[in-house]
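Q: I would like to learn how to read a few local features of a protein model, one at a time. Could we take the general idea before each case?

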Amino acid sequence: MTLKMYSMTLKRRSLLLSLLAMSSGSIAVAPNPVPVKVWKDPNCGCCKDWIDHLQKNNFLVKVMDQGNTAARARLGMPQTFGSCHTALIEGYVIEGHVPASDIQLLLKEKPQALGLAVPGMPIGSPGMDGPAYGGKRDAYQVLLIHKDGTSRVFRAYKPSTTA
């Protein structure tokens, strides 16, 4: 085999391997970030931690540091499900420390609902899970809030066995 033929064979092999790699699906492409609007108190640290949790899970967050009471009322989330921050994601209202994985499931399933809520501020939920809590985790529920104000459990989290 001549040097010219050998060089052409290597070029073809390299091209074929490149095409194979591109078509095999082995190249991971990150999905587009999901835009989120969050209303919170400007001095709330746990809200900032929850926002960090969302950003690490492919959400693009726009923050309104003006409190969330008016936003919660405007978006129709009943006060009984209230927490320290309110978000709007693809038409769904998210109240409180809802895990990003539950929001992603909501967006995938697209139920006819107002949104999700984690009432109060349970320790161990995203944003309430930092080092200051020593790994403690309260039991809590993520509620699916229907447009008529009723709710059902979307997902339940168990308490930690430590602490």
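Q: Is serine 125 buried or exposed?

A: This is a predicted model, and burial is read from the relative accessible area, with values under 20% counting as buried. Serine 125 has a relative accessible area of 0%, and it is therefore classed as buried. Its place is in the loop between strand S5 (115–118) and strand S6 (140–145).

Q: Which residues is serine 125 in contact with, leaving aside its neighbours within four places in sequence?

A: Once those neighbours are set aside, serine 125 is in contact with His97 and Tyr140.

Q: Where is histidine 97 found, and what does its side chain reach?

A: Histidine 97 sits in the loop between S4 and helix H4 (100–109), and because its relative accessibility is 0%, it counts as buried. Its side chain reaches the backbone oxygen of proline 126 at 2.6 Å. Beyond the neighbours within four places in sequence, the contacts of histidine 97 include Cys46, Trp50, Cys84, Val118 and Met121, and Ser125 and Pro126 are also among them. Separation along the chain and separation in space can be read side by side here: histidine 97 and proline 122 are 25 residues apart in sequence, while their C-alpha atoms are 7.9 Å apart in space.

Q: How should I read a salt bridge, and how many does the structure hold?

A: The general idea is that side chains of opposite charge can pair when their charged atoms come close. The structure holds 6 salt bridges. One of them joins lysine 40 to aspartate 65, with the closest N and O atoms 2.8 Å apart. This pair links distant parts of the chain, since lysine 40 belongs to strand S1 (residues 34–40) and aspartate 65 to the loop between S2 and helix H3 (69–75), 25 residues apart.

Q: Which residue forms a salt bridge with arginine 72, and are the two buried or exposed?

A: Arginine 72 forms its salt bridge with glutamate 95, and the closest N and O atoms are 3.0 Å apart. This pair also links distant parts of the chain, with arginine 72 in helix H3 and glutamate 95 in strand S4, 23 residues apart. Both arginine 72 and glutamate 95 are buried.

Q: What is the distance between the closest N and O atoms in the salt bridge of aspartate 138 with lysine 136?

A: In that salt bridge the closest N and O atoms of aspartate 138 and lysine 136 are 2.7 Å apart. Aspartate 138 is partly exposed, with a relative accessible area of 24%, and lysine 136 is likewise partly exposed, with a value of 36%.

Q: Where is glutamate 90, and what is its phi?

A: Glutamate 90 is placed in the loop between strand S3 (85–89) and strand S4 (92–96). Its phi is near 50 degrees, a positive value in a residue other than glycine. With a relative accessible area of 47%, glutamate 90 is partly exposed.

Definitions and conventions
Residues numbered from 1 in each chain as written. Predicted model: local features only at pLDDT ≥ 70, side-chain atom pairs only at ≥ 80, totals over all residues. Heavy atoms only, no water. Helix = DSSP H or I, 4+ residues; strand = E, 2+ residues; numbered from the N terminus. Buried < 20%, exposed > 50% of the residue type's maximum accessible area, 1.4 Å probe, protein only. Contact = heavy atoms within 4.5 Å. Polar contact = N/O pair within 3.5 Å; in protein donor to acceptor, adjacent residues only side chain to side chain. Salt bridge = Lys/Arg side-chain N within 4 Å of Asp/Glu carboxyl O.
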